[in-house]
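Please take me through this model stop by stop. Tell me what to select and what I will find there.

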Amino acid sequence: MTRWGLIGASTIAHEWVIDAIRATGGEIVSVMSTSAERGSEYAAGHGIAKSVTSVSALLDDPDVEAVYISTTNELHRDQVLAAAKAGKHILCEKPLAMALEDAHAMVKAAKDAGVVMATNHHLRGAATHRAMRDAIAAGRIGKPLAARVCHAGYLPPHLQGWRLDRPDAGGGVILDITVHDTDALRFVLGDDPVEAVALGQYGGLAKAGLEDAAMGVIRFRSGLIAQFHDGFTTKYAVTGFEVHGSEGSLFASNCMTQKPIGTVMLRNVDGETDLPLDHRNLYENTLLAFEAAIAGRGQPLCSGEDGIWSLATGLAVMQAAASGTTVSIEPGL
């Protein structure tokens with residue numbers, strides 16, 4: 001059983017990760033918030049014994065073996081570096097950092113310290129995405145040629161805040177949502193992106209020059225091209241993920257979500273078939289793989305290197321949207 005410290009008294013931990021840690025046998029022993037009042041209330045509300053106001057106080061605690069970092073993006077680098085130095089295993093929210101060189105430094109620090117580091121791209125734990133990955137790997141749609149992701153929805157008021165008005169914290173739809181699309185595509189296709197074109201949209205929700213929606217196309221190493229539509233502004237959209245191959249197509253619906261829901265339909269020469277899905281909490285799948293990696297059994301579901309790939313793609317999409325040019329994706333791995 002791993003004993004966890006939470007760096008950030010966050011909404012995502014409250015809604016998803018705390019329950020997933022406990023469901024997979026972990027124990028949460030401490031939470032860090034820079035606000036003593038918020039941290040104390042958060043700890044009491046979640047049955048966490050300790051509340052501290054600094055990262056160093058949490059990392060100095062010998063009871064903490066692993067940390068979950070869910071602070072705003074510009075804080076991730078220093079917190080990961082400190083956790084690695086303290087010998088703690090690390091699950092960090094995406095994007096890993098604001099710059100590629102920082103993400104590389106984070107992954108290197110964890111490797112040098114001999115600790116497990118993972119990126120919390122939750123969609124790898126979705127039954128829909130796993131079924132699509134397995135169907136493609138089994139050759140059920142032939143050679144994948146094209147994909148389309150709709151990851152547009154409405155950012156609820158309790159999550160708006162910094163995502164809409166803080167460029168310095170990595171706000172905007174691309175670093176929040178497009179990075180998830182990238183990782184989901186890499187996971188499902190077993191392929192890596194090489195270049196992107198994109199347009200940003202300013203729909204009136206975000207401020208400070210941040211995009212609240214974006215569309216674009218990513219080309220992958222195999223030649224596959226993938227469309228994406230990401231948004232904070234569309235209240236009635238339905239998320240979806242399609243992959244079209246030479247011998248068939250996969251259509252997933254209600255699948256770009258934190259919830260264990262959605263369907264996948266395979267269409268080929270034999271007609272239409274709904275794929276069987278084993279729905280469970282997405283974050284539990286992430287935590288199970290993380291615990292196994294700590295025990296020396298395999299790798300995290302989404303590694304630090306995977307986080308570098310999604311960050312590199314997100315940054316390239318941002319550059320493409322700003323410049324109106326095609327931008328190469330170069331993770332430096």
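**Stop 1: an aromatic pair**

Select Trp4: this residue is buried, at a relative accessible area of 0%. Buried means under 20% relative accessible area, exposed over 50%, and partly exposed in between, with a 1.4 Å probe and protein chains only. A note before moving on: this is a predicted model, where local features need pLDDT of at least 70, side-chain atom pairs count only at pLDDT 80 or more, and totals for chains, interfaces and linings use all residues. Numbering runs from 1 along each chain as its sequence is written, and side-chain values use heavy atoms, without hydrogens and water.

Rings of Phe, Tyr and Trp (its six-membered ring) pair if their centres lie within 6.5 Å; planes under 30 degrees apart are stacked, over 60 edge-to-face, the rest tilted. By this rule there are 2 aromatic pairs. Trp4 and Phe290 form a tilted one, with 5.2 Å between centres and 40 degrees between planes. Trp4 sits in strand β1 (residues 3-7) and Phe290 in helix α9 (residues 282-294), so the pair ties together parts 286 residues apart in sequence. Helices (H or I, at least four residues) and strands (E, at least two) are DSSP runs, numbered from the N terminus.

**Stop 2: the sheet**

Show the open sheet of 9 strands, ordered β14-β13-β12-β11-β7-β10-β9-β8-β15 with mixed pairing. Two strands pair if DSSP finds at least two bridges between them. At the edges are β14 (271-274) and β15 (327-328), each with a single partner strand, so one side of each has no neighbour in the sheet.

Now select β8 (residues 193-201) and β9 (residues 213-220): they pair antiparallel over 8 bridges. Ala196 stands opposite Ile218 in β9. Contact means heavy atoms within 4.5 Å.

**Stop 3: a loop residue**

Select Ile261, in the loop between β12 (248-253) and β13 (263-268). Is Ile261 buried or partly exposed? Ile261 is partly exposed, with a relative accessible area of 38%. Leaving out residues up to four places away in sequence, Ile261 touches Thr128, Asn254 and His279.
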